[in-house]
Amino acid sequence: MKAGTKFAMGAVLIVGAVGYLMASGIKQTGQYFLTPSELAQRVSADPSFYDLGMKVGARVVPGTVEKEIATQTLRFHVTDGTVSYPVVFKGLPPDTFTDSVEVVVEGRLQRDGVIHATNVLAKCGSRYEAVPKA
Amino acid sequence: MTLLGPLSLWLAFLVGLWGAITGFVGGAQRRLDLQQSARHATFALFGALLVAVISLEIGIFRHDFSLEYVAAYTSRNLPTFYLWSALYAGQKGSLLFWATVLSLFAMLSQLFTSRRHRLYLPYVAAVTCLVATFFISVMLFAANPFERLGFTPLDGRGMNPQLQNPGMVFHPPMLYLGYISITIPFAFAIAALLTRKLDAEWLVAVRKWTLVSWLFLSIGLLLGMWWAYVELGWGGYWAWDPVENAALLPWLVMTAFLHSVMIQEKRGMLKKWNLALILGAWLLSIFGTFITRSGVIASVHSFTQSSVGYFFLGFLVLAAIGSFALYWTRLPLLQAEATLESMVSREASFLFNNLLLIGIAFSVLWGTLFPILSEAVKGTKITVGPPFFNQVNVPLGLALLAMTGVGPLIAWRRASVPNLRRQFVVPLTSGVFVLLVLLVAGMRDVGALMAVSLGGFVFATVTQEFARGARARHRQYGEPTALAVVQLLARNRRRYGGYIVHVGIVLLFVAFAGMAFKTETQATLRPGESATLKSPYGHVYTFTHLGISQYNALNREVTAALVEVRRDGKLIGRLRTEKRQHVDALGRPTFEPSTEVGIRSGLREDLYVVLGGLVNGTEQAVYRFTINPLVWWVWFGGFVLVIGGLIVLWPGGGPVAVKGSGASRVQAGYAVKLEPGDR
């Protein structure tokens, strides 16, 4: 067999491995990224959406944030303007978390209608931009 | 100053256009007067942009808050140190910084390219001017750093506290330098395509420039990791955030190029591949700029969503179509001069190394874009995070690490069995030895075991290469061993400097593997209470909350918590961690509070303490304690990598390429004549 052919086989092997790793990686770790409205829609169409790991991108409803520092529990509501969900998170929120910031909540929607978050990312659009213009 | 800034921007815009036109036309029509004019245009461009930068900095230092940019990113009480970095703290200023540095590189490439590559220079001037003109036009038409407010505020809004960190003063410029300098190899590639002079010459011309930008990008990435680690407080240095990925992509592609270029020099193969890598690396750098500035992909790092993103998207698409169309028309000129002779050859091992690097780059790109792709194809946004990137890249990275060791050991063209035996016995034995030691020590994490033992293998290959080279010099010139090693490095910087870069990579991989053993705990403590955490080495750390102090500093109110640390009951020191509330000159709070992490760094592990907050204003504090193994080795490995890169880059020394591909063959060869039995 020529070296070129052998190399091509090796190359196919590598490309195949990369492809396989990517496909399986996405299958095993991919998460839905939904807005609260999309989540509500999907849950009503398919109840198996409860208790499924996902990310929800929304805005914190001002005035709903309760911090219990002693138990490190954070409760707040998120909304996209139409649908709103309560969120419970145990842990330290990021520095940029305030009560009107855009957040990405990573967690599971339980049957009690509350999103139990495992991670809260505050997506501060104004991160490098001081405060938004009035 | 009201006029000078905008005026110099407009001037730069016109000069840039002039340089682009004269460069292309002068090159095509071989008109020396126009070529000369294009060359001078790069100088004038740099001059005009430098004036713009200086006038913006004057505005910043004079606290001229009538300038929107100055009012948005600085304040009267901002420390002077950060007034400098305010230049690139925001979108508009960073565009100006970018264009200026690009024009500087454009000028340097005209000045420092040797005479025998003259042919390319008009086109290089044209391409660099064109790219700079694009950046300038973004400023002029969408994001002008000299925009004025209709009134003059008493004070500015101040700089985001997370940018008020020494890492943030040096990290962005380094990363930018890396990003921006890719334009020079790209410009040479376009010049080579346009002139149809696609032999080994253009490779010699771009090799050092590629190395320069690779080096800056490496430093930028490392500083960014360091900043994320000490400032962001989540306890790690790499999060696979889209913006981090965007910087990693060109680095991976350039690393591939720096290896595959050797095959073209030595064997005249891979010409198409190498050109495509350069074009790809540059397009990825523009893609990265697009990602960071457009808000298309949700990232915690990005600038505010703005129309600037669309400028970049348009530019990216046009540039990609233009450069690959040109590339397509020149494909017949890029035939390989040789074919692969054996699978067991250095060529083959470099090809596999390239495939792995590009595979990693592709998976990172895919993962980064997946939310957009899945939404476009299936209508639902699906995101992937660190688990995806780790799952895919740990095996690929380990294979790459193995190739790092294999490549230098295999002979060019075709390796014989005795040659293989001679080369592999010591390194393989070392790798297996490391593996056994780790197993006996009780390490069971497969990824970490492989990373460290492959690290041992690669380290042994480098040591073996140095030892053999030094021995040969010793025999030939009678030099003592230490001198022989130094001479070896000095005489053949590219080869032995490259090996030092490999050592840096080994250290980085070992350090990354250490993070598999990270442990962490959270605790709410009253003064005097403690939390304990067991380190992966079996030590028990006790963290005792000593108390809280609150005071005002220059531009912030500080809440500091002090923790006493004991290892196995023995006092080893105290750590402080802070919450900072930044305030303006009138004492009103600006921004959200930020966290200062308490870090005790050691060779074996870092202790990492974060103050989460106080319970209802009492002295009861919430802490997160983390033990991060081997983090120090990330910084040290990075340092070694940069030193290795500098050795390769250092001018002069060693056999200098004289002409054509024959000379580069000498350069890629050996510093000393080896005895027949040596290889």
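1. In which helix of chain B is Gly23(B) found? This residue belongs to helix H1, which covers residues 4-28 of chain B. The model under discussion is predicted, and the points below should be read with that in mind.

2. Is Gly23(B) buried or exposed? Gly23(B) counts as buried because it has 29 C-beta neighbours inside 10 Å, and the cut-off for a buried residue is 20 or more.

3. Beyond its neighbours within four places in sequence, Gly23(B) is in contact with Ala38(B), Pro122(B), Tyr123(B), Ala125(B), Ala126(B) and Cys129(B). Pro593(B), by comparison, lies 570 residues away along the chain, and 52 Å separates the C-alpha atoms of Gly23(B) and Pro593(B).

4. A further topic is the interface between the two chains. Here 36 residues of chain A are in contact with 52 residues of chain B. On the chain B side, the elements that each supply at least two residues include helix H3 (68-73), helix H14 (386-406), strand E2 (519-525) and strand E10 (621-629). Helix H13 (346-378) of chain B is also one of these elements, and H13(B) gives the most, with eleven residues.

5. Strand E1 of chain A, residues 31-34, pairs with E1(B) in the antiparallel sense, over three bridges. Within this arrangement, Gln31(A) has Thr383(B) of E1(B) as its bridge partner. Strand E1 (381-383) of chain B is likewise among the elements that supply at least two residues to the side touching chain A.

Key
Residues numbered from 1 in each chain as written. Chains lettered and ligands numbered in written order. Predicted model: local features only at pLDDT ≥ 70, side-chain atom pairs only at ≥ 80, totals over all residues. Contact = placed C-beta atoms within 7 Å. Helix = DSSP H or I, 4+ residues; strand = E, 2+ residues; numbered from the N terminus. Pairing = 2+ DSSP bridges. Buried ≥ 20, exposed ≤ 12 C-beta atoms within 10 Å, placed from the backbone.
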